[in-house]
Amino acid sequence: MKDMTPDDIAGEYREATLQYHDGSKRLVYVTEVETPIPDGRLIVSRTDPQGIITHVNTSFVEMSGYREEDLIGVPHFILRHPDMPAAAFKDLWETVKKGKKWHGYVKNLRRDGGFYWVYATVIPNIRQGKLIGYTSVRRKPSRSRIKEAEALYATLQ
Amino acid sequence: MTYNFTVSPDFNPDYLPGWFIFNTWLQKAIDEPIHLDLYNDFESQRKAISEERFDLVYANPYDATVLVREKGFVPVVCPMGAADEAIVAVHRDSPAKQVEDLNTDMRIVTTDDPDVKMMCMIMLEPADITRESAKISYRDTYVLVAKELIRGEADIGFFLEETYEDLSNVIRQELRPLVHSQIQLIHHVLLVGPRLAHKKEIIQQSLARMHAEEKGKGVVENLGFDAWKAVEQEETEFMIDLMDTLMAN
Ligand SMILES: Cc1cc2nc3c(=O)[nH]c(=O)nc-3n(C[C@H](O)[C@H](O)[C@H](O)COP(=O)(O)O)c2cc1C
């Protein structure tokens, strides 16, 4: 994953280095600018069994700030925000690998350094008994739920 | 053998004769006797579906999940360019300007259309409105839902977008859409069951080209859309995966 570049960042930012599960690292720039999901939208993506993005819908593209071409074929951690605790994603992967649904509140990082909160559901896609990938659908959470998640994640960092 | 066909009860009643004409057309096209059975409500239709009475179902996305994943139905066609979207509407004079202005204990009025109810409840989540917090009442038709809002007996009404558009101007003038869904990926689909599965190809081919035929064009338009489009199994599986993520909470 390429490091972020300050030229793409809108406004004041802080710097963080993320280390992903596969050992790779990425330098990211993070701002305090929030972009709420517009009402009535669902953000949809699909991945292969390894978590590499295979499909995204228009709302996904718009919210992430990337172009569709930049998203297809890259690991889903392209959206990982440094405020998200690793424990949340560990729980996600342990749950879906067992064939179960996962739900949770996720703070995602935009290409411009800003963020957006989602309530995400991830489910395994099973065809003829075989796992072919995962689908995630995200929707707009309430302010009160975001506050709760913020408080919880701060303790898990 | 006569096959049995049913249509999700959420169609606009204006198209009722259209479905019978369509059934006549289809019987000729595939040279098989088909009986069309329509229901006024989701509950009794769902019971008949669970008794495996049908071989052909024009299903809403909610029922499609059960028919495909549990009853061995396969997708054939869906309406071209038409997705199922929902509208949350309020009285014209409601103080609410956006979802987040709504209180958690508002009075909701809806039909028993499961897709619309699901989509609309999701759209209300940013206001922390849940099945438990709200007072939900049910009416048989969207016109009755609208009237209840207009009379001030409910604060929020749920509508299927196309039926909202079909409400009379007089009614619509009294209402205001607060939010409408832009999901784009969820739609009704015509499914065939195991007993009729051997005819899937011919049904699919006949329907996918009927809008291009002189007689067929009028018949499909009388269902409220322009054409049928062939649907692949995986397209429907994907839609069902989406429905699965939305139905679970
Ligand atoms: C279908 C699917 C959707 C995902 N969506 C997100 C997402 O929106 N944001 C995110 O940070 N991680 C998402 N993840 C988790 C990432 O794969 C990854 O675990 C996470 O970003 C943390 O990175 P790491 O596990 O490499 O440390 C998703 C995973 C799957 C399978």
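Q: A salt bridge here is a side-chain nitrogen of Lys or Arg within 4 Å of a carboxyl oxygen of Asp or Glu. Why is the pair of Glu234(B) and Arg46(A) called a salt bridge?

A: This is a predicted model, and in it the closest N and O atoms of Glu234(B) and Arg46(A) are 2.9 Å apart. That value is within the 4 Å limit, so the pair qualifies as a salt bridge. Side chains of opposite charge can pair when their charged atoms come close.

Q: What makes Glu234(B) and Arg46(A) a pair that joins two chains?

A: Glu234(B) belongs to helix H10 of chain B, while Arg46(A) sits in strand S3 (residues 43–47) of chain A, so the pair links one chain to the other.

Q: How do you know that Arg127(A) and Asp241(B) form a salt bridge?

A: Their closest N and O atoms are 2.8 Å apart. The cut-off is 4 Å, so this pair also meets the rule.

Q: What makes the side of chain B that touches chain A, by element and by class?

A: Helix H4 (114–124), strand S9 (175–180) and H10 of chain B each give two or more residues to that side. H10(B) gives the most, with eight residues. By class, the side has eleven nonpolar, five polar and eight charged residues.

Q: How is the area buried between chain B and chain A made up?

A: About 2,100 Å² is buried between the two chains, and carbon and sulfur atoms give 53% of it. Of the area that chain B buries against chain A, Gln182(B), Asp241(B) and Thr245(B) supply 23%, more than any other three residues. The contact takes 24 residues from chain B and 24 residues from chain A. Ten residue pairs are in polar contact between these chains.

Q: What are the domains of chain B, and what separates their centres?

A: Domain 1 of chain B covers 3–81 + 185–248, and domain 2 of chain B covers 86–180. Taken over C-alpha atoms, their centres are 27 Å apart.

Q: How do you know that domain 1 of chain B and domain 2 of chain B are in contact?

A: Contact requires heavy atoms within 4.5 Å, and by that rule twelve residues of domain 1 of chain B are in contact with nine residues of domain 2 of chain B. The two domains bury about 930 Å² between them, 64% of it on carbon and sulfur atoms. Asp10(B), Phe42(B) and Leu246(B) supply 44% of the area that domain 1 of chain B buries there, more than any other three residues.

Q: Which polar links are found between domain 1 of chain B and domain 2 of chain B?

A: The count is zero salt bridges, and the rule finds one residue pair in polar contact. On the side of domain 1 of chain B that touches domain 2 of chain B, helix H2 (42–50), helix H3 (61–70) and helix H10 (233–247) each supply at least two residues. The residues of that side divide into six nonpolar, two polar and four charged.

Key: Residues numbered from 1 in each chain as written. Chains lettered and ligands numbered in written order. Predicted model: local features only at pLDDT ≥ 70, side-chain atom pairs only at ≥ 80, totals over all residues. Heavy atoms only, no water. Domains from an automatic or database assignment. Buried area = accessible area lost by both parts, 1.4 Å probe. Polar contact = N/O pair within 3.5 Å; in protein donor to acceptor, adjacent residues only side chain to side chain. Helix = DSSP H or I, 4+ residues; strand = E, 2+ residues; numbered from the N terminus. Nonpolar A, V, L, I, M, F, W, Y, C, P; charged D, E, K, R; others polar.
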